[in-house]
Amino acid sequence: MKSKILAARAYTFCGLICVCVLLLSQCGIDRSQTVVLGCKNFTEQIILGEIIAQMIEQNTKLKVVRKWNLGGTMVCHQALLAGEIDLYPEYTGTAYMNVLGQNTIQDATRTFKFVQQKYLEEFQCEWLPAFGLNNTYTITVRREDAEKWNVKSISGLQSFAGELTAGFTAEFMERQDGWPQLREQYGLPFAKVVDLEPGLMYEAIANNNVDVICGFSTDGRISVYDLVALEDDLHFFPPYYAAPVARTAVFDLHPELKGLLSQLAGSLDNQTMQELNLQVDEHKVAPKSVAKEFLATMN
């Protein structure tokens, strides 16, 4: 099981390189006075990271070192295991399928309990209570196309797939809950599949450069660009509830953090997260400012 959990993926090598860079960059950090916080390379992760960071800074004397835009899942996971970051926001379905190698979909509660138990046993890391948002992948098309094709679900794309170009992120192209298995389960022989950065997918589909993207349910640009998230009618995607994940050693050193960050439980639903993401992606508000304003509403 452990070898399966830690099985190398196409992007793991890059992750190890990033971990080595982190190692060199953190020489001299006093971990008794400092928490090192990481996140992946898209807007929502930076916002969640800022919320966690500011929660710590506002309520403790600890200094927070921010390591934003580290890369994909395995980059952050390997950095966490190596002790080069202390915590970062992760998603239950991502951990369940891509880190722990599971392929049987479970409900949200069972998925959370499973990853919580396995992370503690295998990695000596702890999942804190979830923020509340469920940022699932969504196979997304332009509304005008959905109406033209009379398509409401992913299965409905089968008849048109051979004429379409899909744009997916590099991580989605490799993940167990990503393109290879999605193609197999839904039978989607797209004419072409291209690799896109997360921040460029929505512009690409809006500009007719691609016809289908792997959107995110909490991304406000789905409504801004008049897109449609198709129903996952074969229930391919697992629940993706976001939560802080930290090394147990961090809580041993700073026990006050567990109770403090648990106060964020249930504070963010999908609609609120869409609004926060939209402020950053479309209105160009700094993630730090968005996080600060959100935390002010909790007081």
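Is phenylalanine 190 buried or exposed? Phenylalanine 190 is buried, at a relative accessible area of 10%; buried means under 20% and exposed over 50%, with partly exposed in between (1.4 Å probe, protein chains only). The model is predicted: local features need pLDDT of at least 70, side-chain atom pairs count only at pLDDT 80 or more, and totals for chains, interfaces and linings use all residues. Residues are numbered from 1 along each chain as its sequence is written, and side-chain values use heavy atoms, without hydrogens and water.

Now the pairs. Rings of Phe, Tyr and Trp (its six-membered ring) pair if their centres lie within 6.5 Å; planes under 30 degrees apart are stacked, over 60 edge-to-face, and the rest tilted. The count by this rule is 17 aromatic pairs. Tyrosine 96 and phenylalanine 114 are edge-to-face, 5.4 Å centre to centre with 75° between the planes. Tyrosine 96 sits in helix α5 (residues 92-99) and phenylalanine 114 in helix α6 (residues 108-123), so this pair ties together parts 18 residues apart in sequence. Helices (H or I, at least four residues) and strands (E, at least two) are DSSP runs, numbered from the N terminus. Tyrosine 96 is buried, at 1% relative accessibility.

Tryptophan 179 and phenylalanine 190 are stacked: 5.4 Å centre to centre, 25° between the planes. Tryptophan 179 lies in helix α9 (residues 179-186), phenylalanine 190 in the loop between α9 and β7 (192-195), so the pair ties together parts 11 residues apart in sequence. Tryptophan 179 is also buried, at 6%. Both rings belong to one aromatic cluster, whose members include Phe42, Trp179, Phe190 and Tyr240.
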